[in-house]
Amino acid sequence: MWRALKSAGAGMMRDGAYVLPNSDRSRAVFDEQSVEIEEAGGLGHIVTFEATSPSQNESLLALFDRTAEYAEVIQSLEVLKKKLAKLDELRARQELTSATREVAAIVARDFFPGEACKQMEGALAETETAINARFSPDEPSAAKRKLSHRDAKDYRGRTWATREHLWVDRVACAWLIRRFIDLSAKFLWLKRVKDCPKRAVGFDFDGAEFTHVDSKVSFEVLVASFGLESDAALVRLGALIHHLDVGGIPVAEGPGLATIMTGARALQKDDDALLKAMTPVFDALYAGYVSAKS
């Protein structure tokens, strides 16, 4: 019971007395534990109440202060950045995934996020940037321009080009292109972006037709450019890709997808094989988001 309540983020007022903010989710947590307690021969009472004074409210809020937890993660991220030069990419991304998973768990039980949460998000984004700078030095910078609407029929049967050694945003872009924009698309993985053929459609590198714009990563730019933003499942997938590519608000599925992507990169012999391996993963994610919506 103690582990379950701690995982749910419950604050302990005293031994045997736990508190959560009043919500349907909190009620479900307490109901489940109350049933288990009673089945074991104990007594479980769920009481709804409001703070009777500002000082009591402050003491209750203090039970949900996650500052120390965020500080521990921030410290671990600082350590990771300092030892990057000694790590290979697989190990570095595994450690980042582990930290991201820990962050997601804290955020899930942080009912009153504040400055500490913002600092953690910044630290996570900085670490992601440092890893990309170490292992993907050609990661695009965000362009400042207005997105123009594109018609998919003008992009059929094209060759699309991006940087080799794919990571999440580029794999997701390739999946999106083949599923929603150019079903017969061919892909060219570039050792040097300056070698991109003039007739190829470039994506996810500086100067490409489709790349980071303002706060959007390349996947989100493609979704917006081809008028796919009405698809809630693609928008939700875009938030996941954004989180893994440039950081920001954690997404629950992020650590899992990052782990799968890291493993797939280790197993596949080239980027064509990697895209083939990751395509059913993105198909499943998209189907899951569609099902959740319905």
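Which helix does Glu36 lie in?

A: Glu36 lies in helix H2, which covers residues 24–39. Before we go on, keep in mind that this is a predicted model, where local features need pLDDT of at least 70, side-chain atom pairs count only at pLDDT 80 or more, and totals for chains, interfaces and linings use all residues. Residues are numbered from 1 along each chain as its sequence is written, and side-chain values use heavy atoms, with hydrogens and water left out.

Now for Glu36 itself. Its relative accessible area is 44%, which makes Glu36 partly exposed. Buried means under 20% relative accessible area, exposed means over 50%, and partly exposed is in between (1.4 Å probe, protein chains only). What goes into a patch? Its residues have over 30% relative accessible area and no salt bridge, with like charges joined within 9 Å and nonpolar side chains (Val, Leu, Ile, Met, Phe, Trp, Tyr) within 5 Å. The areas come from the Shrake-Rupley method with a 1.4 Å probe, and for residues only the protein chains shown count as cover.

Met13, Val47 and Phe49 make a nonpolar surface patch of about 310 Å². Val47 sits in the loop between H2 and helix H3 (54–62), and at 63% relative accessibility Val47 counts as exposed.

Let's step back to the whole protein. There are 11 helices and five strands, and the C-alpha trace spans about 70 × 45 × 35 Å along its principal axes. Of the 294 residues, 42% count as buried.

Next, the inside. A nonpolar core is a set of buried Ala, Val, Leu, Ile, Met, Phe, Trp, Tyr and Cys residues joined through side-chain atoms within 4.5 Å. The largest one has 45 residues, and Trp160, Phe219 and Phe282 touch the most other members. Elements giving two or more residues to this core include helix H7 (168–181), strand E4 (186–190) and helix H11 (271–293). H7 provides the largest share, nine residues. A second, separate core has 18 residues, among them Val73, Leu77, Leu84 and Met120.

Back to charges, this time in pairs. Side chains of opposite charge can pair when their charged atoms come close. A salt bridge here is a side-chain nitrogen of Lys or Arg within 4 Å of a carboxyl oxygen of Asp or Glu, and the whole structure has 18 of them. One joins Arg109 and Glu69, with the closest N and O atoms 2.5 Å apart. Arg109 is in the loop between helix H5 (89–108) and helix H6 (115–135) and Glu69 is in helix H4 (residues 67–82), so this pair ties together parts that are 40 residues apart in sequence. Arg109 counts as buried at 18% relative accessibility, whereas Glu69 is partly exposed at 23%.

Another bridge links Arg179 and Asp283, whose closest N and O atoms are 2.8 Å apart. Arg179 lies in helix H7 and Asp283 in helix H11, so parts 104 residues apart in sequence are tied together. Arg192 and Asp195 also meet in a salt bridge, at 2.9 Å from N to O. Salt bridges that share partners join Glu89, Arg93, Glu128 and Arg265 into one network.

Most residues other than glycine have a negative phi, and most peptide bonds are trans. Asp204, though, has a positive phi near 60 degrees, and Asp214 has a positive phi of about 55 degrees. Asp204 lies in the loop between strand E5 (201–202) and H8, and Asp214 is in the loop between E5 and H8 as well.

Conventions:
Helix = DSSP H or I, 4+ residues; strand = E, 2+ residues; numbered from the N terminus.
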